[in-house]
Amino acid sequence: MQKRALVVGLGIAGMSAAIGLRAAGWTPVIVERAPERRRGGYFIGLLPDGRQAAVDLGISEDLHVRNPPDAGKAWEVDRDGRSAPGLGFLHQPGRPAAVVRGDIEAALWQSIAGAGGEPVEVRFSTAPTEIDDGADDVGVVLEDVGAGREYRERFDLVVGADGMRSSVRRMVFGPHEEYMTNWDAMICAFQLDGQVPSYGAQDSVISARAGRAAWVFGLADRAPTALLTYRTADIAEQFTGDRIERLRSVFSGMDDPVVRHVLDGLERAPEFVFDSVHQVRMPRWSEGRTVLVGDAAWCLNLYSGMGATSALRGGDALGRALRDNPADLRAALTAWEAGLRPSIRVHQRTARIKQQMFVPSGRVAEVLRSFILRFGGALRRRKLEKERAAAPVGSGAPV
């Protein structure tokens with residue numbers, strides 16, 4: 001009899017896990033509390049491991065990549081509003097693929113809808129309320145949120161892919177406070193309706209000060225997305241009052257064109273993500289027949305730049321481990337975690353350094369960060385100029 005798995009969450013980690021499970025011969029069922037799937041979203045740079053996972057999952061052909069030519073131009077804006085060439089997210093080693101969150105989810109959706117094999121059953125407006133792990137299977141009470149009714153089903157495996165504040169983790173492993181580390185920082189990400197005036201349509205622009213930063217991520221074929229991020233010692237206070245007024249207050253005094261444009265764009269944005277920054281750190285990612293993937297298990301956080309990449313890798317690797325250990329679930333989950341944990345641990349540690357690049361902690365860090373990125377931007381520009389000058393006439397080299 002084919003084994004059934006309940007996947008909780010229709011995000012990148014959940015759909016990746018469902019595709020991996022299907023490839024391993026399992027029958028996945030995805031439940032999602034929201035009434036429909038998300039579209040659009042904020043900028044994501046997909047690193048090489050994530051791009052390879054997209055190939056392995058069979059979604060790379062459906063993944064819309066939006067890289068500007070030569071990874072685009074990036075500008076650093078100083079305290080006087082003057083801009084100089086800098087380094088953007090897409091300029092780091094590995095040539096990240098520029099996408100928005102909805103691009104990855106749309107490609108994954110194509111697969112689970114049947115493009116990559118048998119369609120995967122998806123139940124919207126549905127969430128688990130109880131998980132009873134047994135020796136032979138898992139009993140799950142599911143709530144139909146729309147109809148207001150509950151029913152019980154049994155599965156061979158439960159996959160918690162329901163984000164940083166995972167309900168599966170809370171029910172099976174314990175309270176959020178035991179696993180979520182506080183980074184004393186906030187983020188707000190959203191789609192802009194246009195570029196910052198006087199910059200190229202595909203440019204990235206960064207204005208970073210001690211404790212606060214505004215990022216604009218340029219894309220090849222749509223308006224940029226924006227990120228506002230800041231440090232704070234009082235996370236609870238940030239969730240009181242109006243979110244937009246809160247951000248205007250936090251960024252008061254940063255009176256440059258980038259911050260003004262981003263804050264005005266926030267007023268017009270149909271939706272935005274406003275949340276505190278955390279990492280999830282757990283001694284193990286599985287318990288009996290329940291396993292966590294993606295942010296529910298390790299949440300690298302936005303500063304790491306590896307969230308989507310690790311979610312794709314986690315789902316694909318889970319399927320491979322189950323294929324390699326078809327008769328031993330415990331061995332499969334142990335091998336899966338052993339293969340992933342070393343790289344996850346490294347990325348969790350380096351995220352602290354990357355946080356300084358996103359939002360410097362103080363004035364000294366601000367000056368050092370600006371010097372590094374401007375110097376790196378100048379070197380990159382000279383390198384591109386030399387490559388273009390050395391390119392044979394008619395070679396088709398970008399200009």
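Okay, so "buried" here means under 20% relative accessible area, exposed is over 50%, and partly exposed sits in between, with a 1.4 Å probe and protein chains only. Keep in mind that this is a predicted model, where local features need pLDDT of at least 70, side-chain atom pairs count only at pLDDT 80 or more, and totals for chains, interfaces and linings use all residues. Residues are numbered from 1 along each chain as its sequence is written, and side-chain values use heavy atoms, with hydrogens and water left out.

On to salt bridges, meaning a side-chain nitrogen of Lys or Arg within 4 Å of a carboxyl oxygen of Asp or Glu. Searching the whole structure turns up 27 of them.

Take Asp 221 and Arg 66, whose side chains meet at 2.8 Å, N to O. This pair links distant parts of the chain, 155 residues apart: Asp 221 is in the loop between β14 and β15, Arg 66 in the loop between α2 and β4. Helices and strands, by the way, are DSSP runs numbered from the N terminus (H or I, at least four residues; E, at least two). How accessible is Arg 66, buried or exposed? Arg 66 is buried, at 10%, while Asp 221 is partly exposed at 42%.

Next, Arg 4 and Glu 153 pair up at 3.0 Å, N to O. They sit in β1 and β10, 149 residues apart. Arg 4 is partly exposed at 26%, and Glu 153 is buried at 16%. Both also belong to a salt-bridge network with Glu 121 and Arg 123.

Last one: Arg 341 and Glu 337, with closest N and O atoms 2.7 Å apart. Both lie in helix α9, four residues apart, about one turn.
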